[in-house]
Amino acid sequence: MWAIIGIVLKIGVVVGLMQGTVAYLILVERKVAAYAQDRIGPNRAGRHLTLPFGIKINLPFGLLQPIADGAKMVLKEDVVPTYVDKPLYILAPMIAIIAATLGFAVVPFGPVGPGQVMQFQIAPGVDIGIVYVFAIGSLAVYGVVLAGYASNNKYSFLGGLRSSAQLISYEVPLGMSILGMVLLAGSLDLGKIMAWQDQHVWGIVAQPIGFLLFLVSGFAETNRLPFDLPESEQELVGGFHTEYSAMKFGMFFLGEYMHVITVSYLTVILFLGGWDFPGLSVEQTGLLSAILKVLVTAGKVSFMIFLIMWIRWTLPRFRYDQLMDLAWKSLVPLALVNLVATAGIIQLIRG
Amino acid sequence: MNEITTSEFVRSLLAVLLGGGGVYLMLPKGVSGISPRRGFGAGSAAFALALLISATFWSPPGAGLSRAFFVLFGLTSIASGTLMITARDPVHSALWFAAVVLSTAGLFLIAGAQFLAAGTVIVYAGAIIVTFLFVIMLAQMEGKASYDRSARAPGRSVLSCFLLMWALAYALISMRSDARATVEGGSARLLADERILIPTPSITRVGNSPPQSGLSEVLRRASRPTAQLPERSNPAGPHVAGLGATLFADHLIAVELAGGLLFIALVGAIAIATPKPPIRPVVRVASPPANAPRL
Amino acid sequence: MHGSFLVRNCWLVPFFPLAGAVAAAIGGKRLGASAHIPVVIGIGLAFLVSLGLLGAAGADSTTVLFDWMNAGGLRVPVEFRVDGLSTMMLSMVTFVATLVAVFAVGYMAGDPAYPRFFACVGLFVFMMTGLVLSNNYVLTYVFWEGVGVCSYLLIGFWYAKPAAAAAAKKAFLVNRVGDFGFAIAIFWLWTVANNHDLSYSVVLDPANLKLIRPEAIFGISLLLLWAATAKSAQVPLYVWLPDAMEGPTPVSALIHAATMVTAGVYLIARSMPMISSDPRVLAIISLVGGITAALAAAIAITQTDLKRVMAYSTVSQLGYMFMALGAGVGSVAQLAVVAAMFHLFTHAFFKALLFLSSGSVMHAMGGVIDMRKFGGLRRKLPVTCATFAVGGLALAGVFPFAGFWSKDEILAALKLASEVSGGAEGTGWGWVYGLVYWVAVVTAGLTALYTGRAFFLTFFGPERLPTAEDLAAAGHGSHDDAHTNEHGHGHDDAHGHDTHIGHESPLIMTFPLVALATCAVGVGLLFGPTGIFEGHLEHTLGFENLGHAEHGTDWNSILIGTFAALFGLALSYPLFALPSRIPSILATRLGMLYRASLNKFYIDEIYAAVIVAPLSFLAQLSKFADVYIVDGLVRLIAKLPRALSRSALAPYQNGLIQFYAAAGVLGLAALLAILLLI
Amino acid sequence: MAASDWFGFDNLTSFLLIGAALFALGMLGFIARRNLIVMFLSAEMMLQGVALTLVGFGRYHGNWTGQVFTIVILTVAACEASIALALTLVLFNRRLSLDVSLWSEIHEPDAATPVDTLDPEPSETHSGPESYPHLIPAGAEPPHPRQPWIERRE
């Protein structure tokens, strides 16, 4: 019974934290975009704020902007266009956000394993870990496809079509890119993969090609630039979410950023050592080390998120045929070669 | 009718009759006099009742939460399946099938097949159904077609399939009764083989030799007859590792065959689907510009 | 060591010709005019191996290659036996086959189906050597049928020619009659054989033979004789052999003179330990041989076709062998078998020689073989003339040629047999042997007569060449009588054979002639008086148990035989070499006899009337019943469902795949429900 | 542990019942629906039923064979989907329709044309929520479009 309550608590904390983080990520994104374009970005919300009891605060960097954005989202009129397929239209953003959230169930955001003070993972000890993440990730495409179909709008429809093809295509190299790491660690459990990296080397050293493939495919899976063809504003005027407004649109937004977080976490765990840092090792089980490890992970993830944003505002968008060529003619063969080579080398070394 | 109690017989018959009637009402068809919406509503109500009756035959494994989840997933899978075959819009059909797949994956989890659950979701929900959706969208941009609104001989189809379902269910239920009856001293008639009473049939036990690696070991296991597979293979090890070990050793040939099949299917699909002129009998658009992107 | 290695690998003997045949069959198109190379090499290699085996013979050894059948009580391994009899036969077969194949290279040159010919020849040698080597009756039967098939293929080699096709069919059918007897014999033997083992080494073991009831032995022996009469062309089943001359001449030489027709003799000789225990069978064998020998010789005298004369001569000489085999009573048994086999051995050489010489003549005459159409060829064809003369002298049995020695032994054996069987303590069949003895003597005279006739008609008298009409009748100047126009190949004038008319054959054809002639002179002298042959043959399964009494040289028989031969030859010279009217006068005087002989004593016609016509009538009857009654019923029955389905079931074949699926499901569900409820 | 780990014959039967139901429903969809794609989906559902049965048996016997064969089924399903969809696209390109009734040439050469082309089975009318627009309860109601929504989509 207590275990269930504990799990529910954990779920609440993690989901809540993520939602909050996402809100602030939007702010970060806007700031990064502004710096990339030599602007200032949002800097008003939170300044000259008067709280009750006359307390005046002056928050920098527009720190309250997310709250304003959120309020706007929630309070706007929720328009359901006339000719949409209503059940699917409503279902689509739900799927988007649920799929993004569910995947986090097995992602360790700190040290896991026997002997730790606490399992920093909602569902610890799932030995199919990474496969579960992919299973849930593969459901995310429904949100986009259904949104495109249900909107009953040519642009949205094209966005949905593009999205389905793109996500299916990039799932293949995505799945294959991590197999090298899985082979090395000998487990699908994310915690064990981190432990292996602690005892040996980081995945980015052991599997540089795998890292690259994962990064590229992960970008495509999150539908972010340079792979945001399903929504590309210039061609499809927003693509699959053209017809969405208010909180439904906000849910897509939320889902996208949660995807970014998940992909960042996975990259960090699989290729950047997770909580691993000079001075930290698997054997340390104390509270202090646990906190340190969580912080280290969070720091790496923050860097990854920044990297993703950076790339978004740096690189131009692919053309659709280039996108497909990249997946099927470059990434898939490369991933196969990488996998075979890794397996061969492992076999050679282990005898 | 000795092996099955009257209550069970009546319940199963009721469930199949109600279910069949319900599905008949739910199927798209142009019967005058009944509004499709009302028919669908009545049908789904009847079917839900049938579903509940049929759930009385289930005895879920595990305890507590696990049992609840089993019932939930079981009901969802069958209900989604029914909705899939009665949906007017093929996109809805595909989505209901996705629901079937997800429920089935849940049932897999309860049966202890975690990897398979995830794999089913990835392959079916993630790839196959999305591809279906893609094709439906490509092919049916006009919306709902008339052929989606009329089932072929719904009465006849429902009759055959629910007769089949009832026969299968009857066999299963009566077999269970057999097991019980024989334990109590009755006689088994349907399958006069006492092996069904043994919880685990005797598969030739292969000595628990220490696990060896190496090609020769793999080949030895791959060429072993299936009847000689170990009864409980590596119950202690982690799930995926055990599955992988048996997959790539005991069932190596099946895996290789499946791989070959996949490859051939890939080649075949590409060969079939590559557009060859004339692509469509009705020319809809002017010829694309010379520098138009491929695909 | 060397010998045992060869004995263990005696399968090489059949293997080499088979490999050659397969190579010629597969690569025939590519090899073209050199298609003979693999076959000749294969047969030659087989001959070399046979020679090696001859040296290693004496070992009574079997080699089991693998189990062919193993079902219930029947176990048939593919096993080979190397002993005196088989090695003798092997070396003879492969030697003659090698020479004939070499001869055929020249003879068959330019034939459109050249590769097919050599493939068949190779296959035949494979079958024949397998027959000789095999160590059980079933395997022997397989090869027995195999040589029959090869014979069929080769007789009908020019299948477009109606006569050849008919002859092939006739040979095959008549042989089937004999094969039937062989099959029955094997079945019977299987039921009585010890442990149901059909191996020679088991069946012919004296201890095992004692276990078999005498009636069974009598029946089986008669059935084996039946089989042998067909394969070895004895009365009453000899009728196929003369017709078989429709095949190419090398085939006649190889198969229908030297090798295949000896299979029957071989079978009887092989089974001698079993057969010799029943004097009745022996007497019948001897009688059959005697009748055949005399009848065939009588027919041969009047035939005008050179090859046909040789064919009847072959039948007659095979009759001699049977006579000898039949003489194997009591203590004479071994002598009789040796005599028969020795005659078989020598006959193979000189008869092959005679056939090849005839072929050479035919080649030179542009396909004409009728002796009335040519004559006085001794200057045009000196080599052929000389070799033919050697062969003829050997056939007639003149000292010191090969035929003399073997015929003398046969006469001696017959005489001994009559002495042994006659008298108070004898079996009471002595009179048969006495009769057969004199038949043999008379036949010897007839043999010499017709041999001389053939020789003198061909090579003496005024020189005559076939006229243009004769050539046209023989198939437009092609090099064999069988090359008809409908054969399809353009044997036009530019082919060049017409220009050869009247010239000696090329070296590749005369070389085998000379080689065989040498043998025809030599083998008798080499093996006959020296006892080598007898000594070699003694190392044969079961032969040591045959009676072998000491016997001296029978000068009486030698003198009588030689006299008969010389008399025959002497008679033939004035009759046929010099221009004389005596033959025609004789023909008119003895009109009926002459016509009977010329028409082969109407045997074919009698067969046609007694056997073929009733069977044909029965076949017509069956055909009628089949076409009108059985077929009618079947059609009637067939119409019923057709009509039914057209009206009642066809609508359900409506092309809707779902309908089919639904029907299937409904059936499945109904079946399941019925199974569960009832 | 023992209680929750126990998987008896009755538990197996539950799995088998659900599997059988999925199988039969899939069969029903296959023979009753006329859309090619829905038919293929139904076939896949039959495969799901079989997979469930296999997994149940595997659990019951305590070995991997059931799961291994479910993986094989997955493979076959993937192959089937790829080939079937390719074929469906080709068929669609020929007739511009996914109706399976249009592909009924496999019948007796002189048999009557299938029932569908002569006398189409009755189908539902397009009376439904989609034939006129949903209006948001705000402002004045716009005039009704007279055409059904499908025709206006061009």
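Across the interface of chain B and chain D, 7 residue pairs are in polar contact, both residues of each pair having pLDDT of 80 or more; a polar contact is a pair of N or O atoms within 3.5 Å, of which, within protein, one must be able to donate a hydrogen and the other to accept it, residues adjacent in sequence counting only if both atoms are side-chain atoms. The model is predicted, so that local features need pLDDT of at least 70 and side-chain atom pairs count only at pLDDT 80 or more, while totals for chains, interfaces and linings use all residues. Residues are numbered from 1 along each chain as its sequence is written, chains are lettered from A and ligands numbered from 1 in the order in which they are written, and side-chain values use heavy atoms, with hydrogens and water left out.

The side of chain B that touches chain D receives two or more residues from each of helix 3 (65-86), helix 4 (90-110), helix 5 (114-139), helix 6 (154-184), helix 8 (239-248) and helix 9 (252-273) of chain B. Helices are DSSP runs (H or I, at least four residues), numbered from the N terminus. By residue class, this side divides into 64 nonpolar, 26 polar and 12 charged residues; Ala, Val, Leu, Ile, Met, Phe, Trp, Tyr, Cys and Pro count as nonpolar, Asp, Glu, Lys and Arg as charged, and the others, Gly among them, as polar. In total, 102 residues of chain B are in contact (heavy atoms within 4.5 Å) with 84 residues of chain D. The two chains bury about 8500 Å² between them, 72% of it on carbon and sulfur atoms, buried area being the accessible area (1.4 Å probe) that two parts lose on being put together, summed over both. In chain B, the most area is lost to chain D by B:Phe132, B:Tyr147 and B:Arg152, together 9% of what that side buries.

Not counting residues up to four places away in sequence, D:Gln48 touches B:Phe97, B:Val101, B:Thr104, B:Thr120 and B:Tyr124. D:Gln48 is buried, with a relative accessible area of 1%; buried means under 20% relative accessible area, exposed over 50%, and partly exposed in between (1.4 Å probe, protein chains only).

A salt bridge is a side-chain nitrogen of Lys or Arg within 4 Å of a carboxyl oxygen of Asp or Glu. In chain C, C:Asp243 and C:Lys170 form such a pair (2.9 Å, N to O). C:Asp243 lies in helix 12 (residues 240-243) and C:Lys170 in helix 8 (residues 162-192) of chain C, so the pair ties together parts that are 73 residues apart in sequence. C:Asp243 is buried at 15% relative accessibility, and C:Lys170 is partly exposed at 21%. Both belong to a network of salt bridges that links C:Lys170, C:Asp243, C:Arg308 and C:Asp604.

A further salt bridge joins C:Asp179 and C:Arg176 (3.4 Å, N to O). These residues are 3 apart in helix 8 of chain C and are therefore separated by about one helical turn. C:Asp179 is buried, at 2%, and C:Arg176 is partly exposed, at 33%.
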